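Here are some questions and answers for a reader who is meeting this structure for the first time. Each answer works towards the value or name that was asked for.

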Amino acid sequence: MTDTKVTRKYARALFGLAHTDGREQPIWEELVVLRDVIAADHRFLAMLAAPQIPDDDKHRLARSALAGLSHPVVRDFVWFLIDKRRVDHLLAIIAEYGHLLDESNGLVEALITSAVPLNDDERRAIVERLRRISGKKVRSRFTVDERII
């Protein structure tokens, strides 16, 4: 199974669990905390993925690191990934979960690049037009790239 398929499969499974409880957003918020823990020290994920470290030790490490999270679904999901030797996909799974949450909330993301800086009115007009075209809420990011002229 390709990495993308693995990521989607596990993200959809987690999202389905969250949806069953109606807790998609709170679980997302805990996943963001987990993502930030991993970003602060990549050794954490490397240790969880290391084949030479026994799973019991990985579970203890994860339990300690995730002690502040309140929803057992996130903790159990991490343990499940450890057991299935898929924890190395965790960051991609978290990102895909975020995309699924956005999709379920009718939200699209737009990266808008212009050759010159846009003022607030121009930005609002572009976002409004994208909203009308897509029929969805738009989360926008604006960048300037003078090379596109």
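Q: What percentage of the 149 residues in the protein chain is buried?
A: The model is a predicted one, and a residue is taken as buried when its relative accessible area is under 20%. By that cut-off, the buried share of the 149 residues in the protein chain is 35%.

Q: In which order do helices and strands follow one another along the protein chain?
A: The protein chain holds seven helices and two strands. Read along the sequence, these elements follow the pattern α-α-α-α-α-α-β-α-β.

Q: What is the radius of gyration of the protein chain, and is the chain compact or spread out?
A: Along its principal axes, the C-alpha trace of the protein chain spans about 55 × 35 × 35 Å. For 149 residues the globule rule gives 15 Å, and the radius of gyration is well over that, so the protein chain is more spread out than a compact globule, with a value of 19 Å.

Q: Which residues of helix α4 are buried, and why do they line one face of the helix?
A: An α-helix has 3.6 residues a turn, so residues three or four places apart point the same way. In α4, which runs over residues 55–65, the buried residues are K58, H59 and A62. Seen down the axis of α4, these buried residues fall within an arc of 100°, so they line one face of the helix. On the other side of α4 there are exposed residues, D56 and S64, whereas the buried ones asked for are K58, H59 and A62.

Q: Which helices are included in what covers the buried residues of α4?
A: The buried residues in question are K58, H59 and A62. Their cover includes one helix at residues 42–49 and another at residues 72–83, namely α3 and α5.

Q: Is L81 buried or exposed, and what is its relative accessible area?
A: L81 has its place in helix α5. Not counting residues up to four places away in sequence, L81 touches Y10, R86, V87, L90 and I93. L81 is buried, and its relative accessible area is 0%.

Q: How many Å separate the C-alpha atoms of L81 and Y10?
A: Y10 is among the residues that L81 touches. Although the two residues are 71 residues apart along the chain, the separation of their C-alpha atoms is 8.8 Å.

Q: How many Å apart do the centres of the positive and negative side chains lie?
A: The protein chain carries 24 positive and 23 negative side chains. The distance between the centres of these two sets is 4 Å.

Note on methods
Residues are numbered from 1 along each chain as its sequence is written. This is a predicted model: local features need pLDDT of at least 70, side-chain atom pairs count only at pLDDT 80 or more; totals for chains, interfaces and linings use all residues. Side-chain values use heavy atoms; hydrogens and water are left out. Buried means under 20% relative accessible area, exposed over 50%, partly exposed in between (1.4 Å probe, protein chains only). Helices (H or I, at least four residues) and strands (E, at least two) are DSSP runs, numbered from the N terminus. The arc is that of the directions from the helix axis to the C-beta atoms. Contact means heavy atoms within 4.5 Å. The radius of gyration is taken over C-alpha atoms; the globule rule is 2.2 Å times the number of residues to the power 0.38. Lys and Arg count as positive and Asp and Glu as negative; His and the chain ends are not counted. The place of a charge is taken as NZ of Lys, CZ of Arg, CG of Asp or CD of Glu.
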